[in-house]
Amino acid sequence: MAKKKKGYRELKKYRVANGDTNEFVVDFKKCADEFTILLKKKYCFILGNGQKFFLKFEEGNFYHLLGFHKFTKTIFVQMIEQDAYSYNATNFYNDVMNENIKFGRKSNSSS
């Protein structure tokens, strides 16, 4: 059995101290709503040497900002990376916004 890292123990202590009900849920919709604020704006960064660069977010960037491209065994990554499907990162964003994609894990204990 693999040894758990210290960070996990610290996270568990933090959750218990803050009244965690042993429930873990990531609200992708809330994340997408916050991400939506970044859309349709152009951000300009000026470096100390005067050089400028611009940044613009698009719906398809949400998939990458969540880190889903790292989960190579998920169906979403396979669908997006294979040309056999007409699914892309923008479709992923739209599915989250429409609450078709959710993530959650609840404990097996009955409350």
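**View 1. The buried face of helix 5.** In this predicted model, the buried residues of helix 5 are Ala89, Phe92, Tyr93 and Val96. Look down the axis of helix 5 and these buried residues fall within an arc of 100°, so they line one face of the helix. As for partners, the buried residues of helix 5 pack against helix 2, helix 3 and helix 4.

**View 2. The largest nonpolar core.** Seventeen is the count to keep in mind here, as the largest nonpolar core has 17 residues. Those with the most contacts inside this core are Phe62, Tyr63, Phe76, Phe92, Val96 and Ile101. At least two residues of the core come from each of helix 2 (28–36), helix 3 (61–65), helix 4 (75–81) and helix 5 (89–97). Helix 5 gives the largest share, 4 residues.

**View 3. Around phenylalanine 62.** Here we zoom in on one of the core residues with the most contacts, Phe62. Which residues does phenylalanine 62 contact, leaving aside its neighbours within four places in sequence? The list runs Phe28, Cys31, Ala32, Phe35, Phe92, Tyr93 and Val96.

View 4. Aspartate 33 and lysine 29 join their side chains in a salt bridge, with an N to O distance of 2.7 Å. The two lie 4 residues apart in helix 2, so about one helical turn separates aspartate 33 from lysine 29. Aspartate 33 counts as partly exposed because its relative accessibility is 33%. Lysine 29 is also partly exposed, with a relative accessible area of 21%.

**View 5. The lysine 56 and glutamate 58 pair.** How many salt bridges does a search of the whole structure find? The search finds 2, and this view shows the one between lysine 56 and glutamate 58. The closest N and O atoms of this pair are 3.9 Å apart. With a relative accessible area of 41%, glutamate 58 is partly exposed. In general, side chains of opposite charge can pair when their charged atoms come close.

**View 6. A nonpolar patch on the surface.** Phe45, Leu47, Phe53 and Leu55 form this patch, and together they have about 330 Å² of accessible area. Phenylalanine 45 belongs to strand 2 (residues 42–46). Its relative accessibility is 38%, so phenylalanine 45 counts as partly exposed.

View 7. Isoleucine 37 sits in the loop between helix 2 and strand 2. Is isoleucine 37 buried or partly exposed? Isoleucine 37 counts as partly exposed because its relative accessibility is 49%. Phenylalanine 57 is 20 residues away from isoleucine 37 in sequence, and their C-alpha atoms are 9.7 Å apart in space.

**View 8. Stepping back to the whole chain.** The protein chain has 5 helices and 4 strands, which follow the pattern α-β-α-β-β-α-α-α-β along the sequence. Of the 111 residues in the protein chain, 17% are buried. Among contacts with a separation of 6 or more, 47% are between residues 24 or more positions apart.

Technical notes. Residues are numbered from 1 along each chain as its sequence is written. This is a predicted model: local features need pLDDT of at least 70, side-chain atom pairs count only at pLDDT 80 or more; totals for chains, interfaces and linings use all residues. Side-chain values use heavy atoms; hydrogens and water are left out. Patches are made of residues with over 30% relative accessible area and no salt bridge: like charges are joined within 9 Å, nonpolar side chains (Val, Leu, Ile, Met, Phe, Trp, Tyr) within 5 Å. Accessible areas come from the Shrake-Rupley method with a 1.4 Å probe; for residues, only the protein chains shown count as cover. A salt bridge is a side-chain nitrogen of Lys or Arg within 4 Å of a carboxyl oxygen of Asp or Glu. Buried means under 20% relative accessible area, exposed over 50%, partly exposed in between (1.4 Å probe, protein chains only). Contact means heavy atoms within 4.5 Å. A nonpolar core is a set of buried Ala, Val, Leu, Ile, Met, Phe, Trp, Tyr and Cys residues joined through side-chain atoms within 4.5 Å. The arc is that of the directions from the helix axis to the C-beta atoms.
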